[in-house]
Amino acid sequence: MPNIVNVSLVSAVKAEFKDVSSILLFNYQGMGLKRESALRSHLTNGKSKMLVVKNSIAKIAFQGTPLEGAAAYLSGPVAIMYGGEDIVSVAKAAQKYLDDQEGEANAGAYVGAVLDGQALDAKMAATVHKMPSKKDVQALIVGLALGPGSKIAGILKAIIEKHEGAGAA
């Protein structure tokens, strides 16, 4: 029979990650309170969050969700990072913390990630911060659409005006 506390924790974690499809997993072993606070500070500046929960609770809570692939990387002291504008902003905040801690022992490390339901190993998780953010991609798409689109619209407008002018004469 499941423990009532664990059942409540699973429910709380499920509720917290209900609409989340991307997370970063970070090994915080040996970081200490000062470094963990620094990491949390970097994350909260970007409106990201970090949750430390028992791995077995997270595995159960993630079953049947896009985050299910994270189970393979939930071993040892692992923090779950999520939120922000998108997972890239979370990764950039975590990478900023790691850059600030460069050369320090026990600064923490990526363990894995889940990106829109796709599980990534530690090596791939460490590259997420290099990806363009959702805002950057949207701006690129709008720029591409407006560039040639505005030229075509101008040409069509000139043709229409020319034909309207010829029809009136």
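Contact here means heavy atoms within 4.5 Å. The structure is a predicted model, in which local features need pLDDT of at least 70 and side-chain atom pairs count only at pLDDT 80 or more, while totals for chains, interfaces and linings use all residues. Residues are numbered from 1 along each chain as its sequence is written, and side-chain values use heavy atoms, with hydrogens and water left out.

Helices (H or I, at least four residues) and strands (E, at least two) are DSSP runs, numbered from the N terminus. An open sheet is formed by 5 strands in the order β2-β3-β1-β4-β5, with antiparallel pairing; two strands pair if DSSP finds at least two bridges between them. The edges are taken by β2 and β5 (118–121), each of which has a single partner strand, so one side of each is left without a neighbour in the sheet. On average, neighbouring strands of this sheet are turned by 25 degrees against each other, direction ignored. Axes are lines fitted to C-alpha atoms, for helices over the stretch in contact, and angles run from 0 to 180 degrees between N-to-C directions. In general, the strands of a sheet pair through backbone hydrogen bonds, either parallel or antiparallel.

Strand β1 (residues 23–27) is mostly covered, with 4 of its 5 residues buried. Buried means under 20% relative accessible area, exposed over 50%, and partly exposed in between (1.4 Å probe, protein chains only). β1 is joined to strand β4 (residues 109–115) by 5 bridges, and the two run antiparallel; in this pairing I23 stands opposite V114 of β4. With strand β3 (residues 78–83), β1 pairs over 4 bridges, also in the antiparallel sense, and L24 stands opposite M81 of β3.

Two helix pairs were examined. Two packed helices are described by the angle between their axes and the distance between the axes. For helix α2 (residues 32–45) and helix α4 (residues 87–100), the axes come within 8 Å and cross at roughly 140 degrees. α2 and α4 are therefore oblique to each other; angles under 35 degrees count as roughly parallel, over 145 as roughly antiparallel, 65 to 115 as roughly perpendicular and the rest as oblique. The crossing of α2 and α4 is right-handed, where a crossing is left-handed if the near helix is turned anticlockwise from the far one by less than a right angle, and right-handed if clockwise. On the α2 side, R35, A38, L39, H42 and L43 meet V90, A93, A94, K96, Y97 and D100 of α4. By class, this contact of α2 with α4 has 7 nonpolar, 1 polar and 3 charged residues. Ala, Val, Leu, Ile, Met, Phe, Trp, Tyr, Cys and Pro count as nonpolar, Asp, Glu, Lys and Arg as charged, and the others, Gly among them, as polar.

The axes of helix α1 (residues 4–16) and α3 come within 9 Å and cross at roughly 55 degrees. α1 and α3 are therefore oblique to each other, and their crossing is right-handed. In α1, N6, L9, V10, V13 and K14 meet I57, I60, A61 and F62 of α3. The residues of this contact of α1 with α3 comprise 7 nonpolar, 1 polar and 1 charged.

Several individual residues were also considered. A119 is placed in strand β5 and counts as partly exposed at 30% relative accessibility. Not counting residues up to four places away in sequence, A119 touches G69, Y73, A113 and V114. K54 is found in the loop between β2 (48–52) and α3 (55–62) and is exposed, at 52% relative accessibility. The C-alpha atoms of K54 and L156, 102 residues apart along the chain, are separated by 62 Å.

Most residues other than glycine have a negative phi, and most peptide bonds are trans. N106, in the loop between α4 and β4, is not a glycine but has a positive phi, near 55 degrees; N106 is partly exposed, with a relative accessible area of 47%. D116, in the loop between β4 and β5, has a positive phi of about 50 degrees although it is not a glycine. D116 counts as exposed at 60% relative accessibility.
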